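This report describes one protein structure, from its overall makeup down to selected residues. The sequence and structure come first.

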Amino acid sequence: MSYALSRPSSTQRSGLLSIVIGAHLAVFLLILAAKTVVPQIMEMPMVVDLLPAEPPKKPEAKPLPVVKPEPVRQKPTPKTPAPQIEATTSNVPAPAAPVAAPPETKPAPPAPAAAAAEPVSQARFDADYLRNPSPAYPPLSRRMGEEGKVILRVSVNPQGMADSVEIRTSSGSARLDESAQRTVRSWHFIPAKRGDVAMQSWVLVPIIFKLEQ
């Protein structure tokens, strides 16, 4: 038994054509709508609000503890004993001026009274402006506790310098005597004078070496 296919009618063909055309139009419209929406989404700008960054807080400086320095106690410096110098004047008479012998035939004229009355000043060493240094105390004598008084006999020339320094009275220690003698040799003196004329003379210089207790 065979079946024969019948041809669709013109009304059916126009209906199917309308459906196909409508389907194509729907697809086309969907494609257009998709192309229109996508650019709008892409063209929307992205807005990002940037919050202001807070400045970093500076660390608060803590005051450093104040350390009070301890007072430095200074040790007392031991004083070096200085020999004492006694002021004195020479008891050695100044040399008398030579007097010429009178001639035998004529008597000598009497000496003028003014010449005999000329004052004589002895040599000195104790004036402040002379700045004579004190003798040094020998270290060995200081450690051994040596003390004493030495008296020097000094020959002073008219220029105020010591020509010779002799030990008249020893202190009992050769070290103390040598220290005094060596120092006095470099001293300056006020020379002895007869009137206004300087002359050679002797002067006694006593020096005491004594340790402070």
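## Overall makeup

The protein contains four helices and seven strands; helices (H or I, at least four residues) and strands (E, at least two) are DSSP runs, numbered from the N terminus. Along the sequence these elements follow the pattern α-β-α-β-α-β-β-α-β-β-β. The model is predicted: local features need pLDDT of at least 70, side-chain atom pairs count only at pLDDT 80 or more, and totals for chains, interfaces and linings use all residues. Residues are numbered from 1 along each chain as its sequence is written, and side-chain values use heavy atoms, with hydrogens and water left out.

Of the 213 residues in the protein, 22% are buried. Buried means under 20% relative accessible area, exposed over 50%, and partly exposed in between (1.4 Å probe, protein chains only). The protein exposes about 17600 Å², of which carbon and sulfur atoms supply 61%; these areas come from the Shrake-Rupley method with a 1.4 Å probe, and for residues only the protein chains shown count as cover. Among contacts (heavy atoms within 4.5 Å) with a separation of 6 or more, 77% are between residues 24 or more positions apart.

## Strand pairing

Strands of a sheet pair through backbone hydrogen bonds, either parallel or antiparallel. Here two strands are taken as paired if DSSP finds at least two bridges between them. β2 and β5 run antiparallel and are joined by two bridges, with V120 opposite R194 in β5.

Strand β3 has pairings of its own. β3 pairs with β7 in the antiparallel sense over nine bridges, and S155 stands opposite W202 in β7. β3 also pairs with β4 in the antiparallel sense, over six bridges; here I151 stands opposite T169 in β4. The hairpin of β3 and β4 has five residues between the strands, and G160 takes a positive phi near 85 degrees in this hairpin.

On β7, S201 is buried, because its relative accessible area is 4%. Beyond its neighbours within four places in sequence, S201 is in contact with A123, V154, S155, V156 and A192. The charged end of R153 sits over the ring of W202, 3.7 Å from the ring centre. A charge sits over a ring if NZ of Lys or CZ of Arg is within 6 Å of the ring centre and within 35 degrees of the ring normal.

Helix α4 (residues 174-184) has L176, D177, S179, A180, Q181, T183 and V184 among its buried residues. Their cover includes α3 (139-144), β3 (148-156), β4 (162-169) and β7 (201-209). L176, in helix α4, is buried, as its relative accessible area is 0%. The C-alpha atoms of L176 and A136 are 8.7 Å apart, although 40 residues separate the two along the chain.

A nonpolar core is a set of buried Ala, Val, Leu, Ile, Met, Phe, Trp, Tyr and Cys residues joined through side-chain atoms within 4.5 Å. The largest has 21 residues, and L152, V154, V184, F189, V203, V205 and I207 touch the most other members. β3, β4, α4 and β7 are the elements that give two or more residues to this core. Not counting residues up to four places away in sequence, L152 touches V165, E166, I167, R168, A180, Q181, V184, V203, L204, V205 and I207.

## Aromatic pairs

The structure holds four aromatic pairs. Rings of Phe, Tyr and Trp (its six-membered ring) pair if their centres lie within 6.5 Å; planes under 30 degrees apart count as stacked, over 60 as edge-to-face and the rest as tilted. F125 and W187 form a stacked pair, 5.8 Å centre to centre with 25 degrees between the planes. F125 lies in the loop between β2 (120-121) and α3, and W187 in the loop between α4 and β5 (192-194), so the pair ties together parts 62 residues apart in sequence. Both F125 and W187 are buried.

F125 and F189 form an edge-to-face pair, 6.5 Å centre to centre with 70 degrees between the planes. This pair also links distant parts of the chain, with F125 in the loop between β2 and α3 and F189 in the loop between α4 and β5, 64 residues apart. Both F125 and F189 are buried. Ring pairs link F125, W187 and F189 into a cluster.
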